[in-house]
Amino acid sequence: RALTPQTAETDAIRFLVGTQSLRYDNQIHIIDFDDENNIINKNVLLHQVGEIWHISTSPADKGVLATCYNKTSDTKVMTCAAVWRMPKELESGSHESPDDSSSNTQTLELLCHLDNTAHGNMACVMWEPMGDGKKVISLADNNILMWDLQESSAKAVLSSSTALEGKGQLKFTSGRWSPHHNCTQIATANDTTVRGWDTRSMRQIYCIENAHGQLVRDLDFNPNKQYYLASCGDDCKVKFWDTRNVTEAVKTLEEHSHWVWNVRYNHSHDQLILTGSSDSRVILSNMVSISSEPFGHMVDDDELSDQEDQHQEEKIKEPLQDSVIATYEEHEDSVYAVEWSSADPWLFASLSYDGRLVINRVPRALKYHILL
């Protein structure tokens, strides 16, 4: 279920995948994709503490990552979180495949636990997007916890926290840290509600009640356009919000036929949206109308003669078409995770329940259409 690109690695195409096994030691698989030769190389790291539910990587240090995992004690299962370091030789993407992979499985080095004994089950760990890798926020049941990682991440100090108040058993399902506003905002999902928080005061700044008809599964911020947020959920919909006006969604996509587990904006070209769902499909959509460049690159008015000028204006008047670019059906089971590569904006990976990882590219024609 757990997949992440190695955020700090901007040269090599690399993803990390976590396993969920009750019987065997769990592992993190480091997947390196050699673009030129179309080869996937894999290195395996042991993660001996339990099933991995969520992985996130430091934006500043290639070797550091955080996992949320299940720990069974007595009869209770707790979801805990910890920060790890991978072995030095595996930190950056390499194309050498180990000769005999069975003999050299290495183990992750534990840097610190994010202690959640008082706060409940961890849903996810988010790193400050533009930061030095020292600040993380974790969501545990109905708590938002902000941690400072000190002494080369070997110690986590809880710097501030807040709890969601209300009736019933409130639990966060997911969250995202906004790259805008100097990284002072996060968004969280619980039940059918999406909320925005200011990380300095830990106060709620907006609330989208009933953002979806059923559980909200995932969120993502538009990396190039502040205030824009995407959400997806069990009502099979993907919705796009302007957080300054939360009364209704700016756009809604209804292409999936089952729960939508993941939504991801492309980091460079925010019109490209990836979604993965329990209908076993990955859908790549082109949401031009709400992207940061809805009209492509504008031509300067001074450079145009009158006749061209008129033609240009007519061109701008043409309605923009949001569309589904491609539907990928290589998976035979629920797609639990989709992620863009942090090194190549045209490449993405998807992971399904049957353990299949698929790496795909944005169709070439569309790539050139966007670039040219």
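User: Which residues lie nearest the centre of the largest pocket?

Analyst: This is a predicted model, and its largest pocket holds about 1400 Å³ of space. The lining is made up of 47 residues. Of these, the ones that lie nearest the centre are His 54, Gly 175, Arg 176, Arg 264 and Glu 339.

User: Which strand gives the largest share of the lining of the largest pocket?

Analyst: Several strands each supply at least two residues of that lining, among them β1 (2-5), β5 (52-57), β14 (172-177) and β26 (335-340). The largest share, which amounts to six residues, comes from β10.

User: Why is one side of β10 left without a neighbour in its sheet?

Analyst: β10 belongs to an open sheet of four strands, paired antiparallel in the order β10-β11-β12-β13. Five bridges join β10 to β11 (residues 135-140), and within this pairing Met 122 stands opposite Ala 140. One side of β10 (122-127) therefore has no neighbour in the sheet because the strand stands at an edge, with a single partner strand.

User: Is Ser 352 buried or exposed?

Analyst: Ser 352 is placed in strand β27 (residues 347-352), and its side chain makes a polar contact of 2.5 Å with that of Asp 354. Beyond its neighbours within four places in sequence, Ser 352 is in contact with His 331, Asp 333, Ser 334, Val 335 and Tyr 336. Because its relative accessible area is 5%, and the cut-off is under 20%, Ser 352 counts as buried.

Note on methods:
Residues numbered from 1 in each chain as written. Predicted model: local features only at pLDDT ≥ 70, side-chain atom pairs only at ≥ 80, totals over all residues. Heavy atoms only, no water. Pairing = 2+ DSSP bridges. Buried < 20%, exposed > 50% of the residue type's maximum accessible area, 1.4 Å probe, protein only. Polar contact = N/O pair within 3.5 Å; in protein donor to acceptor, adjacent residues only side chain to side chain. Contact = heavy atoms within 4.5 Å. 1 Å grid on protein atoms, 1.4 Å probe; cavity = no way out; pocket = protein on both sides within 12 Å on 5 of 7 lines; lining within 4 Å. Points joined across faces, edges and corners; volume = space filled by probe spheres on them.
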